[in-house]
Amino acid sequence: MFNGIGITIAQMLCSTALAIIISLIFGLMRLSSNRLILGIATVYIEFFRGTSLLIQLYWIYYVLPLLINISLEAFYAGFIALGLNFGAYGAEIVRGSIQAVPRQQWEAAKSLNMSPILLMRRIIIPQTFPHLLPPFSNLLVELLKATALVSLISVTDLFFMSKVFNQTYWMSLQVFGTALIIYYILARFFLTPFLRWLEILAARKVGKLIG
Amino acid sequence: MDNKENIKHEPLVRFHEVTKRYGSLTVLDKLNLDIQANEMVSIIGPSGSGKTTVLRMLMTLEMIDEGVIYLEGKPLTHMESNGSLVLADEKHIRSIRSNIGMVFQQFNLFPHMTVLQNCVEAPINVLGLKPDEAEERAIDLLGMVGMLDKKDEHPSRLSGGQQQRVAIARALAMRPKVMLLDEVTSALDPEVIGEVLSVIRKLNSEHNLTMLMVTHQMGFAREVSDRVCFFYEGKIAEQGPPSQIFEAPKNERTKQFLSAVLNAN
């Protein structure tokens, strides 16, 4: 079972990393004035938000090998599906928090002759964090719990191991009760305090004091 | 030879038949305006007369609909392509825009940076100055605007007047040839307007900077300007030295506007 916790945490970390990258890329693409780029991002986000995560997981693990002969190990298929799916939600958060930075900040940066890349990197993106982190924290807590789905494609995570234990010892209450508590502890005592700390740090960066 | 003469007398900034529309609303209507080097020009007029738009177009924050804006005789908003002028691309705009600096009504300091960082960010990353060189320049300017003791504060800890003085230093750190001041005291409490005006006065008298200023401070405009332009409905209704505009306006609109503004004070 401890092994399972490790796999759950690894799934969480890998899918979070992927989700962050996807969020940034597609969130910025959603703000593009180029119709093609905007269109690609919109289709991507609509597809991954509009269809079931469980079915996406099955597609990546079972259908892709048949269609285009790409076969992924269960562990990779698991976090890739999670990352792609949660990245679609994250992209909308990124778009929203970039749009929440006042237009005057763009103008001030342009008046200092900054290039669009410098403007984004040094002026706009750092100011998105206070807007971005609260909804992103929510998303990551969701993500942690969603990792349980990867057990269905035979990733030996916490939930998978719980089921194995249950089949061996027939102690549903104890086994699934323990699993429930472990997920709660991970979310409540590790993930949430970490994200809260990031929020305070980000707020301090823009000169606000919270919490 | 002739060519050389021409360049010499070229105004620093020239608006040539510049038109700007927002939908069906014409904000600037075939504007012609020349600004000479070292000249201090004030723009006054009722709201909606296109004053701020003049500055925003020159800063390239707004697209131009018709006409051309020149800086030192070179087109800013346009570039030459096969012998004709086409709308400028980002690269062309950026190559010329560094000559222009702007100070905004709402200061628009970067809230995630300290006062000093606000003033060195662009000099380092846009002009390519070495960090200590940029810092030296920033410290000089912050000293001039009287904000050196606050250099490590974030903007949210400063008063409006202090933020505006930092914004002036930040714009000056790019060594622009022309400074645009867009109602820089309109968002300030009355008791701090003086500190910002005295910085501008100093720039004008000691640094001989070319400035284009939109203002509602008639007394100040009269005191510091070389020339005052009264805007009405997207056009310059009247322009001239402050003594003429304020003491003997010829245009009916100018008279009405000035008597309304001066009576209100």
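Modeller: Contact means heavy atoms within 4.5 Å. The model we are looking at is predicted.

Colleague: With which residues is Gln162(B) in contact, leaving aside its neighbours within four places in sequence?

Modeller: There are Met147(B), Lys150(B) and Glu195(B). Gln162(B) itself sits in helix α6 of chain B, residues 160-172.

Colleague: Why is Gln162(B) called buried?

Modeller: Buried means under 20% relative accessible area. Gln162(B) has 18%, so Gln162(B) is buried.

Colleague: What share of chain B is buried?

Modeller: Buried residues make up 52% of its 265 residues. Chain B exposes about 12,200 Å². Carbon and sulfur atoms supply 46% of that area.

Colleague: What makes up the secondary structure of chain B?

Modeller: Chain B has 10 helices and 12 strands. Look at its contacts between residues at least 6 apart in sequence. Of these, 63% join residues at least 24 apart.

Colleague: Now the empty space. How is it found?

Modeller: A probe the size of a water molecule is rolled over the atoms, and this shows where empty space is left.

Colleague: What makes a space a cavity, and how many of 30 Å³ or more are there?

Modeller: In a cavity the probe fits but cannot get out. The count comes to 1 cavity of 30 Å³ or more. The largest cavity has a volume of about 30 Å³. Its lining includes Ser111(A) and Leu112(A), along with Phe104(B) and Arg170(B). Helix α6(B) gives the largest share of that lining, 3 residues. By class, the lining has 7 nonpolar, 1 polar and 1 charged residues.

Colleague: And what is the volume of the largest pocket?

Modeller: The volume is about 680 Å³. Of the 29 lining residues, the closest to the centre are Ile20(A), Leu133(A), Phe194(A), Leu195(A) and Leu198(A). The elements giving two or more residues to this lining are α1, α4, α6 and α8 of chain A. The largest share, 10 residues, comes from α6(A).

Colleague: Which classes line the largest pocket?

Modeller: There are 24 nonpolar, 4 polar and 1 charged residues in its lining. Leu and Phe count as nonpolar.

Methods: Residues are numbered from 1 along each chain as its sequence is written. Chains are lettered from A and ligands numbered from 1 in the order in which they are written. This is a predicted model: local features need pLDDT of at least 70, side-chain atom pairs count only at pLDDT 80 or more; totals for chains, interfaces and linings use all residues. Side-chain values use heavy atoms; hydrogens and water are left out. On a 1 Å grid over the protein atoms alone, a cavity is a set of points where a 1.4 Å probe fits but cannot get out, and a pocket is an open set with protein on both sides within 12 Å along at least five of seven lines; lining residues have an atom within 4 Å of a point. Grid points are joined across faces, edges and corners, and a volume is the space filled by probe spheres set on the points. Helices (H or I, at least four residues) and strands (E, at least two) are DSSP runs, numbered from the N terminus. Buried means under 20% relative accessible area, exposed over 50%, partly exposed in between (1.4 Å probe, protein chains only). Accessible areas come from the Shrake-Rupley method with a 1.4 Å probe; for residues, only the protein chains shown count as cover.
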